[in-house]
Amino acid sequence: MRIALGIEYDGAAHCGWQSQANGCGVQDKLEAALSGIAAEKISLICAGRTDTGVHALGQVAHFDTASQRPDSAWVRGVNALLPDSIAVQWAQVIDADFHARFSALSRTYTYVLYNHPVRPALQNGKVGWYHAPLDVAAMQSAAQNLLGQHDFSAFRAAECQAKTPIKTINYINLQQRGDYITLTLNANGFLHHMVRNIIGSLIYIGAGKQPMSWLQALLLEQDRTRAAPTFAPDGLYLVAIEYADKWNLPVFSKANWFDFKVIT
């Protein structure tokens, strides 16, 4: 039997999604809790592996088990065995052909940036921070060059294991509310550090360190060393994974989450 899960977690409390030898990964905590409920060893496959410090609102994973349990056991029962920083949001029996990673049509990330002269305290670890004023209009205009299918080698980490640097960005948008800037991207897939490298380069443009045309030049040059340094993971959220309707998975229901939980 295959079970799909919707998962939320605070990345600041863990060393990324992937299982680690010292057990600090989100995957480690979830597999231990699921194994306790199933009374057998459980192995998880997720839609997108997040780095240390990166948060998730709509991570999706699946596992196979011979254990028969009510859906509530895979949610409330598992959550009772998890640290407060991780919570299963929903669980659903699904066809064996479903694959959390390969069945995904697209992924959505949002980066929340606090643009203020003084660093935050209560939101430490939950938002990125840049001290100097930023020209959001220039950043938004430059970002449109990333729409469509491109070779994103300029925004790819050296340790990236993706088979190809070619990805398609379906949607990209920057919005400003007071001292907060949000960058939201939807794509068919993301390279390692891709969003953090994009936001770092957009900040260079917003701060006047580079012209708006620089982003397009980076795409054409395909040289990671020419782009801005990788920005902090703190403000990055895996918001949602999109699947075909045939899987009948719960629709992400926290569209206004940033209004009420982060941008306050």
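**Notebook: contacts, overall form and cysteines**

I began with the contacts (heavy atoms within 4.5 Å), and found that, of those in the protein with a separation of 6 or more, 70% join residues 24 or more positions apart. I note that this is a predicted model, in which local features need pLDDT of at least 70 and side-chain atom pairs count only at pLDDT 80 or more, while totals for chains, interfaces and linings use all residues. Residues are numbered from 1 along each chain as its sequence is written, and side-chain values use heavy atoms, with hydrogens and water left out.

Next I looked up the secondary structure, taken as DSSP runs numbered from the N terminus, with helices being H or I of at least four residues and strands E of at least two. The protein has six helices and 10 strands. Its radius of gyration is 19 Å, close to the 18 Å that the globule rule gives for 264 residues, so the protein is as compact as a globular protein of that length. For this I took the radius over C-alpha atoms, and the rule as 2.2 Å times the number of residues to the power 0.38. Along the principal axes, the C-alpha atoms fill a box of roughly 60 × 40 × 35 Å.

I then turned to burial, where buried means under 20% relative accessible area, exposed over 50%, and partly exposed in between, with a 1.4 Å probe and protein chains only. Of the 264 residues, 54% are buried.

Helix α2, residues 71-79, was my example: Ala73, Trp74, Val75 and Val78 are buried there.

Last, I went through cysteines, counting as a disulfide a pair of cysteine sulfur atoms within 2.5 Å. The structure holds one disulfide, formed by Cys15 and Cys24 with their sulfur atoms 1.7 Å apart. The torsion about the S-S bond of Cys15 and Cys24 is about 95°, so I recorded this disulfide as right-handed. Cys24 is partly exposed, at a relative accessible area of 22%.

Cys160 is in no disulfide either, and the nearest cysteine sulfur, that of Cys46, is 14 Å away. I counted Cys160 as buried, at 13% relative accessibility.
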